[in-house]
Amino acid sequence: MSNLIGTTIGSYNLVEEVGKGGMAIVYKAYQPNLDRWVAVKVLDPAYTTNNFEALARFRKEAKAIAGVRHPNILTIHDYGEEDGLEYIVTEYVEGGTLKDQLTGTPFDWKRAAVLAIGVGQALATAHSHGIIHRDVKPANVLLPRENWPLLADFGLAKIKEDRQSLTEPGITLGTPTYTSPEQALGEPIDQRADIYALGVLLYEMVTGRAPFASDRHFEVMLMHMSEPPPRPRDMVPEIPDKLESIILKALEKQPSDRYSQMADMVEDMETLMARVLSTKPTDGSPADEATSQATVEIDSLQSFLQGPHFTVAGSGAAVPIPRQDEVLIGRADPTSGMLIDVDLSGHGASGAGVSRQHARLVCQDDQWTVEDLRSTNGTYINKKPVSPFQPVSLKDGDRVDLGQLILVFHIGGEAK
């Protein structure tokens, strides 16, 4: 495909090539009528000439993903065709991809878990809409901020409910390093192929290397089908046992031995993170070394956090709650000057789908309640939804989800 820099497609002025994949080139583009930068993904005509399968997949991506809204899924703005070129327009994201940051050095395991949770939540939402990504890999995870992943490129997505198969049996799609055994065999796949790929991705983040590697793609696929992955803790002993178990379960050869749903894998990772951040382990089991260290760090805050506060899952940041009868939680709006008592803007609230006025805390006679303020993405206490304007009792150690942002409530120095 010829270089399109300096040309206009639709209403988009293409100014710079920012990415190139197997079937498309991605350009940074300017949209004058809305005065904004966007990304325009143009499908290479070489792959569409007499290739109705590739073209159908590309159109499926635009139609299916445009209807799915999630803080960890790249937003699609537009789709079109001009002069024989098919294109998709998405939000433009600076910050690079996860691939850029995988340099062979292991991530801190807590950061790796936070990123995997975000990608997993995106996939769980896609799966609930009947969409399988089929090509989960670091290059398809954008990072607008350090701990905020955006899953992109659903160009190989398969719509489960579509009766017309877009992939003939025996044809392998995806990237060998992250390909599930059944995908490598060309067998029919379901959401468990994405679970396997996320397991590979998490493995690579926490160890600094993929479980299987070779210069020959065929050999990598054979390893996926027949060889057990090296245990992550053999390379990085500080990884918690539970996280290793999550990874290895996702990497089971037989789909029936893996997590059956992405939401189950996400729940296990979230439970691990909540346990690490909690000052009071709720299961009565001894805390592992990582949990103990996190508890010490949070306990050290009590000297100046004598009142209630939240801790933020992933970062462990403490967010004080003002001493007043009613506390508004959300994101400050600098354009209107609206003030928020607990402003979560600096903790990834926007990317996590926290509304500007999301929830309200009320304290009466030392009893705390929380109510949702008809937020866009909901409020959950210990994973149970809070109905709008219906107060729910809040106790020390409770998990509070505001959209995709996970908090743990603490009464702090007042707790007995």
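Because the model is predicted, local features need pLDDT of at least 70 and side-chain atom pairs count only at pLDDT 80 or more, while totals for chains, interfaces and linings use all residues. Residues are numbered from 1 along each chain as its sequence is written, and side-chain values use heavy atoms, with hydrogens and water left out.

Let us begin with the rings. Rings of Phe, Tyr and Trp (its six-membered ring) pair if their centres lie within 6.5 Å; planes under 30 degrees apart count as stacked, over 60 as edge-to-face and the rest as tilted. By this rule the model has four aromatic pairs. One of them joins Y12 and Y87, an edge-to-face pair with 6.3 Å between centres and 70° between the planes. Y12 belongs to strand β2 (residues 12-20) and Y87 to strand β6 (residues 85-91), so the pair ties together parts that are 75 residues apart in sequence. Strands here are DSSP runs of E with at least two residues, helices are runs of H or I with at least four, and both are numbered from the N terminus. Y12 is buried at 3% relative accessibility, and Y87 is buried at 6%; buried means under 20% relative accessible area, exposed over 50%, and partly exposed in between (1.4 Å probe, protein chains only). Elsewhere, F310, W368 and F409 make up one aromatic cluster.

Rings also meet charges here. A charge sits over a ring if NZ of Lys or CZ of Arg is within 6 Å of the ring centre and within 35 degrees of the ring normal. K28 lies over the face of W37, 4.5 Å from the ring centre, and the charged end of K249 sits over the ring of Y259, at 4.5 Å from its centre.

Now to helix α3 (residues 109-128). The expected span of a helix is 1.5 Å times one less than its number of residues; for the 20 residues of α3 this gives 28 Å, and the end C-alpha atoms are 28 Å apart, which agrees. Of those 20 residues, 17 are buried, so α3 is mostly covered. At its start, a side-chain oxygen of D108 comes within 3.0 Å of the backbone nitrogen of K110. Just after α3, G130 takes a positive phi of about 80°.

Two loops come next. P237 is in the loop between α7 (232-235) and α8 (241-250), where P237 is exposed at a relative accessible area of 52%. R258, in the loop between α8 and α9 (262-277), is buried at 4% relative accessibility. What does the side chain of R258 reach at 2.7 Å? That is the backbone oxygen of E252, and the backbone oxygen of K253 lies 3.1 Å from a polar atom of the R258 side chain. Beyond its neighbours within four places in sequence, R258 has contacts (heavy atoms within 4.5 Å) that include S180, E182, Y196 and K249.

V141 has L151 in β9 as its bridge partner.

Conventions: A polar contact is a pair of N or O atoms within 3.5 Å; within protein, one must be able to donate a hydrogen and the other to accept it, and residues adjacent in sequence count only if both atoms are side-chain atoms. Two strands pair if DSSP finds at least two bridges between them.
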